[in-house]
Amino acid sequence: MPFNEAQTRAVRHGKGPMMVLAGPGSGKTTVIVGRVRNLVENLGVSPSNILVITFTRAAAREMEERYLAYDKEQQSGRVSFGTFHSVFFRILKLAYQYDGGNIVREEQQAQFIREEMGRLSLDVEDEGEFIRSILSEISMVKGEMIPLEHYYAKNCSEEIFKQLYENYQQEMGRRGLLDFDDMLLYCYELLDQREDIRRGWQGKFQYILVDEFQDINKLQYDIVKMLAAPRNNLFIVGDDDQSIYAFRGAKPEIMMHFPKDFPKVHTEILSCNYRSTEEIVEAAGKVISFNQRRFKKKIHANKEKGMPPVVKIFEKEKEEEQY
């Protein structure tokens, strides 16, 4: 599929930071893959100096497969495609010789909290739900790098949460284990404290592309900024209107503040929706326009007109299910 004008400008962007506001169905994956190809084929960038980060293994795999489909002869699989966790764990593996056995299992996490609940004689109505909630809070504290003394627990008193958190971390340390948030936290600390290691990875990843940027959290962003410095060849793709993961630590305001963090950023809007009909795009635009804090954008459809959307309101969930 040929690129439209906005896609072409994004794909051909050279050095420096760029923010691509990619509306729904606007071909963001096509743009990311095209950007990688342009860096290698036209700008002479070594594939080994390019890092593409996304949130799911499936998305990373799809991008890599689509890139390799164009690049079989050159065998440029050295471009690094991965999730935040896989990329950051790779950095830790080389620094600390970690392997898969150091990653804690979900049932182990639950057992550590359960054992500490026993020591504290905690009596809760739903043990499973309480454990899941505490682990979610622990994840949030780590992801946002919140000092424990400044965190107000949601599911128990601050003192109880502090004990649960500290003993959970102590047990993890005794067993040489780390959870997914530790991968980020330890990677941040490593790069922050070891200038030699930080410079090595900055030299390795000279061009960084981040997909679904609206779902990034503070810790992920701080690491990416460290890796991108001092070149700041940071190419972010996302849509602030599609951020739905605030409950697990995503901070869409990071994307809103990106132009302030990188004043020289180039911005491109992918406003053509290739997925939906005009009626659906217009209806969605009217709904999202009520959001106060967003990048203003007007999305239009590439498809012909279709059936108008039908809006139905149900009194009860059962009625909705039956419909």
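This passage describes the fold of one protein chain, from its overall make-up down to single residues. The model is predicted.

The protein contains 13 helices and eight strands. Its C-alpha atoms fill a box of roughly 65 × 60 × 35 Å along the principal axes. The chain has 323 residues, and 46% of them are buried. Of the contacts between residues at least 6 apart in sequence, 77% join residues at least 24 apart.

Six strands form an open sheet. Their order across the sheet is E3-E2-E4-E5-E1-E6, and the pairing is parallel. Strand E3 (80-83) and E6 stand at the edges. Each has a single partner strand, so one side of each is left without a neighbour in the sheet. From one strand to the next, the twist averages 15°.

Strand E4 (residues 207-210) pairs with strand E2 (residues 50-54) in the parallel sense, over four bridges. Within this pairing, Ile50 has Tyr207 of E4 as its bridge partner. E4 also pairs with E5, again in the parallel sense, over three bridges. Here Ile208 stands opposite Leu234 in E5.

In a regular strand, side chains alternate between the two faces of the sheet. The residues of E4 can be read with this in mind. Tyr207 and Leu209 lie on one side, and Ile208 and Val210 on the other. All four are buried, and both faces of E4 are covered.

Helices lie across the sheet strands. Helix H3 (residues 57-70) lies across E2 and E3. H3 runs at about 165° to E3. Helix H11 (residues 252-261) lies across strand E1 (18-22) and E5. The angle between H11 and E1 is about 145°.

Helices also meet one another. The axes of helix H4 (residues 84-96) and helix H8 (residues 180-193) come within 9 Å. They cross at roughly 60°. An angle between 35 and 65 degrees counts as oblique, and H4 and H8 are therefore oblique to each other. The crossing of H4 past H8 is left-handed. Several residues meet where these helices touch. On the H4 side they are His85, Phe88, Phe89, Ile91, Leu92, Ala95 and Tyr96. On the H8 side they are Phe180, Met183, Leu184, Tyr186, Cys187 and Leu190.

Val237 is found in strand E5 (residues 234-238). Its relative accessibility is 1%, and the cut-off for burial is under 20%, so Val237 counts as buried. Leaving aside neighbours within four places in sequence, Val237 contacts Val20, Ala22, Lys28, Ile32, Val210, Asp211, Glu212 and Phe213. Val237 and Glu137 are 100 residues apart along the chain, and their C-alpha atoms are separated by 28 Å.

Glu268 is placed in strand E6 (residues 266-270). At 11% relative accessibility, Glu268 also counts as buried. The side chain of Glu268 makes a polar contact with the side chain of Arg9, at 2.9 Å. With neighbours within four places in sequence left aside, Glu268 is in contact with Ala6, Arg9, Met18, Met19, Val20 and Leu21.

Glu212 lies in the loop between E4 and H10. Although Glu212 is not a glycine, its phi is positive, at about 50°. Glu212 has a relative accessible area of 24% and is partly exposed.

The loop between helix H10 (218-228) and E5 contains Pro230. The peptide bond from Ala229 to Pro230 is cis, with omega near -5°. Asn232 lies in the loop between H10 and E5 as well. Asn232 is a residue other than glycine, yet its phi is positive, near 60°. Its relative accessibility of 23% means that Asn232 counts as partly exposed.

Methods: Residues numbered from 1 in each chain as written. Predicted model: local features only at pLDDT ≥ 70, side-chain atom pairs only at ≥ 80, totals over all residues. Heavy atoms only, no water. Helix = DSSP H or I, 4+ residues; strand = E, 2+ residues; numbered from the N terminus. Buried < 20%, exposed > 50% of the residue type's maximum accessible area, 1.4 Å probe, protein only. Polar contact = N/O pair within 3.5 Å; in protein donor to acceptor, adjacent residues only side chain to side chain. Contact = heavy atoms within 4.5 Å. Pairing = 2+ DSSP bridges. Axes fitted to C-alpha atoms, helices over the stretch in contact; angles between N-to-C directions. Parallel < 35°, antiparallel > 145°, perpendicular 65-115°, else oblique. Left-handed = near helix turned anticlockwise from the far one by under 90°.
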